[in-house]
Amino acid sequence: MASGVQNLDRLKRKIAQLPPVARERAAVALNKNADELVSAQKQLAEVHRRSGATVDSIHKEPGDTDLRVRVVAGGPSAYWAIYEEFGTVKMPAKPFFLPPYREMQQRFARRVKTAWRKAVQDIASGNSGAGNDA
């Protein structure tokens, strides 16, 4: 497998065996992470605003599973977003996409781990976990 994660297949099998409440809580945490990331990226892109198309192009999309969320920017209406992020020979970089992600990455990981842990604890204690504390 190309990923640097050891035993990734084993982890995927274990995740697939988790009860729905654990998956639901993780999905809530992931969506909250994506919402915060989109907000931070839009704020940073606003600083460099020219037409607003870059800011408007930043959004989240569902991933290919319930435990994936994609945050994207650019597209047909803002194809230059990548040039703003990384710069060109004639234009300095004005990063708006990666800095917020790097800054929030550890907090996002903690939020998902906490959601998993609380779900597992609720399941172990016999509580179905009606509260969604992500």
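Colleague: What makes the nonpolar surface patch of about 490 Å²?

Modeller: Tyr-79, Ile-82, Tyr-83 and Phe-86 make it. A salt bridge is a Lys or Arg side-chain nitrogen within 4 Å of an Asp or Glu carboxyl oxygen. Areas are Shrake-Rupley values with a 1.4 Å probe, and for residues only the protein chains shown count as cover. This is a predicted model, where local features need pLDDT of at least 70 and side-chain atom pairs 80 or more, while totals for chains, interfaces and linings use all residues. Numbering starts from 1 along each chain as its sequence is written, and side-chain values use heavy atoms, without hydrogens and water.

Colleague: Why is Tyr-83 called partly exposed?

Modeller: Its relative accessible area is 41%, and buried means under 20%, exposed over 50%, so Tyr-83 falls in between. Tyr-83 sits in helix H4, residues 81–86 (a DSSP run of H or I, at least four residues; strands are E, at least two, and numbering starts at the N terminus). Across the protein chain, 31% of the 134 residues count as buried.

Colleague: How do you know that strand S1 and strand S2 pair?

Modeller: Pairing requires at least two DSSP bridges, and S1 (residues 59–62) and S2 (residues 69–72) have four, in the antiparallel sense. Glu-61 stands opposite Arg-70 in S2. Six residues lie between S1 and S2 in this hairpin.

Colleague: Which pattern does the protein chain follow along the sequence?

Modeller: The pattern is α-α-α-β-β-α-α, from five helices and two strands.

Conventions: Patch = residues over 30% accessible without salt bridge, like charges linked within 9 Å, V, L, I, M, F, W, Y side chains within 5 Å. Buried < 20%, exposed > 50% of the residue type's maximum accessible area, 1.4 Å probe, protein only.
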